[in-house]
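Subject: Structure handover

Hello,

Here is the structure I promised to pass on. Please open it first, then read the notes below.

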Amino acid sequence: MTLEEMRLVDVRTVDRDSLVDVTRVHIDEGLPKEERLKEFVRQVKNPYCFRVGNVVVKNVYSNDGVSLRERFEQFARTL
């Protein structure tokens, strides 16, 4: 499956049993950032669509250089 095909997976029709449960993904925190990212993608198979337990998650990535932590902090300030 190409990255574009992974990105376009529809959470309404995807077979949830075909998705990796990220609670079972284990990444060595001692690895450099680049290697941790590669290991996550290797284990999760589709970084755009996966499960957390029984919940299907559709992930969208941005190229603006803002980290997930920074994005959550921005979100929290708006509450």
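From the N terminus on, the elements run α-α-β-β-α. That gives three helices and two strands in the chain. Helices (H or I, at least four residues) and strands (E, at least two) are DSSP runs, numbered from the N terminus.

Two points on the basis. This is a predicted model, where local features need pLDDT of at least 70, side-chain atom pairs count only at pLDDT 80 or more, and totals for chains, interfaces and linings use all residues. Residues are numbered from 1 along each chain as its sequence is written, and side-chain values use heavy atoms, with hydrogens and water left out.

The chain as a whole

The C-alpha atoms fill a box of roughly 35 × 35 × 25 Å, taken along the principal axes. The chain has 79 residues, and 18% of them are buried. Buried means under 20% relative accessible area, exposed means over 50%, and partly exposed is in between (1.4 Å probe, protein chains only).

The accessible surface comes to about 6500 Å². Carbon and sulfur atoms hold 55% of that surface. Areas come from the Shrake-Rupley method with a 1.4 Å probe; for residues, only the protein chains shown count as cover.

Take the contacts between residues at least 6 apart in sequence: 54% of them join residues at least 24 apart. Contact here means heavy atoms within 4.5 Å.

Charges and salt bridges

There are 14 positive and 14 negative side chains. Lys and Arg count as positive, Asp and Glu as negative; His and the chain ends are not counted. The centres of the two sets lie 3 Å apart. Each charge is placed at NZ of Lys, CZ of Arg, CG of Asp or CD of Glu.

A search of the whole structure finds four salt bridges. The cut-off is a side-chain nitrogen of Lys or Arg within 4 Å of a carboxyl oxygen of Asp or Glu. Among them are these:

- R7 with E4, at 2.5 Å, N to O. The two are three residues apart in helix 1, so about one helical turn separates them. R7 is partly exposed at 38% relative accessibility, and E4 is partly exposed at 41%.
- K38 with E35, at 3.8 Å, N to O. Both sit in helix 2, three residues apart, so they too are separated by about one helical turn. K38 is partly exposed at 48%, and E35 is partly exposed at 36%.
- E39 with R42, at 2.5 Å, N to O. This pair also lies in helix 2, three residues apart, about one turn of the helix. R42 counts as exposed, at 51% relative accessibility.

One more distance for K38: its C-alpha atom is 9.8 Å from that of I27, eleven residues away along the chain.

A residue to look at: D21

Where does D21 sit? Its place is in the loop between helix 1 (3–7) and helix 2 (33–44). D21 is buried yet has no salt bridge. The nearest side chain of opposite charge is R24, 4.2 Å away.

What does the side chain of D21 make a polar contact with? The partner is the side chain of T23, at 2.7 Å. A polar contact is a pair of N or O atoms within 3.5 Å; within protein, one must be able to donate a hydrogen and the other to accept it, and residues adjacent in sequence count only if both atoms are side-chain atoms.

Leaving aside neighbours within four places in sequence, D21 is in contact with R51, V52 and G53.

Best wishes
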